[in-house]
Amino acid sequence: MTRRGEAVLWIAQRASAAVLALCVLVHLVTIVYAMRGGLSGAEILARTRGNAAWLAFYSVFVVAVSVHAPIGLRAVLREWAGWRGRSRDVLLGLFAFFLLAIGLRAAWAVFG
Amino acid sequence: MSSTLHVRVWRGPQPGAFQRFDVPRAPSQTILDVVTYIQRVLDPTLAYRFACRVGMCGSCAMTVNGVPRWTCRTHVDKVAQAGELEIAPLRNLPPIRDLVVDMREFFDKWTRAEGRFKGATTKQSDFARVAPDSEKRRDADAGIECIGCGVCYSACDVVAWNSDYLGPAALNRAWTLVQDERDAARVERLQAVAGDAGCHACHTHVSCTERCPKNISPTASIAGLKRAVLKAALEGEL
Amino acid sequence: MKQHASYWVAIVHRISGIALAVFLPFHFWTLGNALQLDAFLAWSRQPLVVFGEWLIVVALAAHLGAGLRVLALELLPWRDWQKSLAAAAAAATFTVGLAFALAL
């Protein structure tokens with residue numbers, strides 16, 4: 001990968017981190033709220049079903065995660081597993097698409 | 001406090017193991033004093049480096065009880081828990097013999113980081129006027145006292161994990177030049193320090209800053225490089 | 001070898017990141033089967049699963065806290081308080097872990 005490409009990955013990682021900081025805070029508060037309220041599955045789904053705001057929120061969350069997690073793993077694979085080069089980047093690209101697919105499926109499932 | 005130090009010293013490449021010595025304790029003793037005693041009195045075949053003995057040159061850097069330090073500036077009282085010492089060569093550099101390491105890769109990376117000044121003026125030009133309290137000059141001044149001792153390079157985990165990583169000293173030097181308004185090679189230097197082998201591989205363990213005997217913060221310099229590369233990338237210069 | 005605080009924060013950041021990356025596919029998959037949410041929630045009341053969930057939440061909080069530290073170190077102009085960021089990250093993680101445990 002070119003120097004410019006690697007710089008772009010670094011930028012994407014920090015940008016997605018900033019988005020995730022907000023999403024995670026909202027998510028943690030939401031989950032603690034749902035648990036304290038003892039919400040059942042039906043009650044949770046009643047709040048998310050047909051709610052475009054939750055769908056939008058979780059979609060943004062999923063996209064940010066699909067960018068952030070593979071780039072994070074890229075450094076770990078290189079430094080702790082000694083894996084470099086194109087094959088590593090191809091696998092991580094596939095992992096990104098995989099996360100995006102099942103993540104958006106999950107967001108849609110609680111919406112639809 | 002015991003009157004004898006039990007010292008384990010690395011001997012290599014043969015036998016490639018620690019050798020034990022007993023060294024008499026003395027007031028205000030430094031680790032360099034200990035190594036010197038061993039070589040002069042107990043075993044003349046011990047190889048080690050030193051020069052100034054007074055904390056100016058950085059030649060005597062070794063790993064003391066697992067931590068890279070200047071041995072001439074490390075008092076035995078500060079590090080010898082219960083009179084036990086372990087002295088080894090600097091980490092992350094190929095050993096030559098005993099406590100001596102090959103510093104060439106350390107300085108090669110300095111070159112690869114474009115860690116040298118490139119001017120754009122001639123003898124006929126007037127002096128450059130650089131305000132000493134400008135932000136750029138203060139940034140540069142915070143890092144220019146580096147004497148290339150290798151302690152930060154040895155302390156760095158990313159250097160240990162990634163043999164291509166340029167390392168804290170080379171990147172720190174590059175930053176001082178990026179912030180030097182007289183320098184004319186800014187874009188080439190930013191290209192040299194960007195990427196997996198450069199500033200983007202720093203994971204802010206801050207070990208370099210923790211260990212630097214001159215209180216330089218390569219972490220801060222590398223953060224500066226990250227911001228400079230970000231700006232250059234956004235402006236299409238990279 | 002005794003290590004300093006920033007080293008541990010960085011290691012926790014990395015380990016928690018790996019844990020989250022491994023966990024998330026399972027999380028997305030089970031959520032995607034939302035029709036069986038009640039059955040899943042019943043299963044998730046087992047003590048071992050509850051503990052696992054708590055660990056994941058702590059991992060998430062730790063990763064977020066350590067990550068905010070990285071963002072501060074990299075993007076903000078350097079000051080003396082930069083050194084306290086490791087402590088701040090740890091404190092934030094502890095708070096969230098406690099909150100989640102109390103909510104259980």
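What follows looks at one pair of packed helices and then at the chains around the pair.

Author: Happy to! Please keep in mind that this is a predicted model. The pair joins two chains: helix α3 of chain A, residues 52-81, packs with helix α1 of chain C, residues 5-32. Their axes lie 10 Å apart and meet at an angle of about 130°. Angles over 145 degrees would count as roughly antiparallel and those from 65 to 115 as roughly perpendicular, so α3(A) is oblique to α1(C). The crossing of these two helices is left-handed.

Now for the residues. On the α3(A) side, the contact is made by A:Val65, A:Ala69, A:Gly72, A:Leu73 and A:Val76. From α1(C) come C:Arg14, C:Gly17, C:Ile18, C:Ala21 and C:Leu24. By class, that contact has 7 nonpolar, 2 polar and 1 charged residues.

Stepping back to the whole contact between the chains, chain C and chain A bring 24 residues each. On the chain C side, the elements giving two or more residues are α1, α2 (37-43), α3 (47-75) and α4 (85-103). Helix α1(C) gives the most, with 10 residues. The chain C side divides into 19 nonpolar, 3 polar and 2 charged residues.

As for chain C itself, the secondary structure comes to 4 helices and 0 strands. Its radius of gyration is 17 Å, well over the 13 Å that the globule rule gives for 104 residues, so chain C is more spread out than a compact globule. The C-alpha trace of chain C spans about 50 × 25 × 25 Å along its principal axes, and 29% of the 104 residues count as buried.

Key
Residues numbered from 1 in each chain as written. Chains lettered and ligands numbered in written order. Predicted model: local features only at pLDDT ≥ 70, side-chain atom pairs only at ≥ 80, totals over all residues. Axes fitted to C-alpha atoms, helices over the stretch in contact; angles between N-to-C directions. Parallel < 35°, antiparallel > 145°, perpendicular 65-115°, else oblique. Left-handed = near helix turned anticlockwise from the far one by under 90°. Contact = placed C-beta atoms within 7 Å. Nonpolar A, V, L, I, M, F, W, Y, C, P; charged D, E, K, R; others polar. Rg over C-alpha atoms; globule rule 2.2 N^0.38 Å. Buried ≥ 20, exposed ≤ 12 C-beta atoms within 10 Å, placed from the backbone.
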